[in-house]
Amino acid sequence: FPQIEIKQSSYSVPLEVLGNMVFIDYTLYNKSDEGLEDVYLAILLDLDIGYYLDNYIDKDVDRSLIFQENVLYSGLKKLNDPEKTKMIAINNAIDNFTEENKMKFIIGQQDDFETLEKEDWALLVSCGPYDIPSNAFVLNSFALIGAIDKEMLIESADKAQLFHDLWSSETEVKNASLDIE
């Protein structure tokens with residue numbers, strides 16, 4: 001099996017202007033002697049706020065943002081590498097995100113997305129495929145955002161992107177050697 005190390009770091013910024021959000025970075029390190037091909041990272045969120053069957057979903061492809069509304073708005077924004085990002089909706093993930101069809105969702109071959117249907121929705125953000133050379137890594141950055149309405153959610157997503165772009169320059173697969181112990 002390949003030697004992969006995954007590091008997750010989460011942080012928030014104590015600035016009122018950034019609102020209700022948490023930044024999350026996942027770094028996938030290839031510690032193998034050989035390169036890895038067709039690597040995916042996926043985050044599945046089932047954000048049942050309120051009654052679980054009253055979720056509405058939507059996405060803003062230009063912002064790499066997928067979100068749901070049920071009492072409040074909550075969503076996940078991909079902050080880097082948008083061309084390798086898929087935003088997928090899964091209806092009733094407990095029954096439908098099975099071993100048999102998990103990869104279909106992750107690679108974007110299956111998507112239950114229907115914005116007008118009130119259901120038990122889960123949000124999946126999939127990133128990839130990545131080819132990661134030996135002793136290199138890929139970074140995926142996200143913002144988990146909460147808001148009281150859609151306008152505030154969109155505004156917060158834009159602020160998250162601005163903050164990320166100002167403070168981070170790590171947005172692509174790195175081909176340089178790493179000091180991995």
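Visitor: Of the 23 residues in the largest nonpolar core, which touch the most other members?

Guide: Happy to start there, with the reminder that this is a predicted model. The elements giving two or more residues to this core are β2, β3 (36–45), β7 (85–91), β8 (121–132) and β9. Within the core of 23 residues, the members that touch the most others are Tyr26, Leu28, Ile132 and Phe142.

Visitor: Which element gives the most to this core?

Guide: Five strands, β2, β3, β7, β8 and β9, each supply two or more residues. The one that gives the most, with six residues, is β8.

Visitor: Is Phe142 buried or exposed?

Guide: Leaving aside neighbours within four places in sequence, Phe142 is in contact with residues including Val22, Ile24, Leu41, Ile43, Leu79, Val125 and Cys127. Its relative accessible area is 1%. Buried means under 20%, so Phe142 is buried.

Visitor: How many residues apart are Tyr26 and Phe142, the pair that links distant parts of the chain?

Guide: The two rings form an aromatic pair, 6.2 Å centre to centre with 75 degrees between the planes, which is edge-to-face. Tyr26 lies in strand β2 (residues 21–30) and Phe142 in strand β9 (residues 136–147).

Conventions. Residues numbered from 1 in each chain as written. Predicted model: local features only at pLDDT ≥ 70, side-chain atom pairs only at ≥ 80, totals over all residues. Heavy atoms only, no water. Phe/Tyr/Trp six-rings, centres within 6.5 Å; stacked < 30°, edge-to-face > 60°. Helix = DSSP H or I, 4+ residues; strand = E, 2+ residues; numbered from the N terminus. Buried < 20%, exposed > 50% of the residue type's maximum accessible area, 1.4 Å probe, protein only. Core = buried A, V, L, I, M, F, W, Y, C linked by side-chain atoms within 4.5 Å. Contact = heavy atoms within 4.5 Å.
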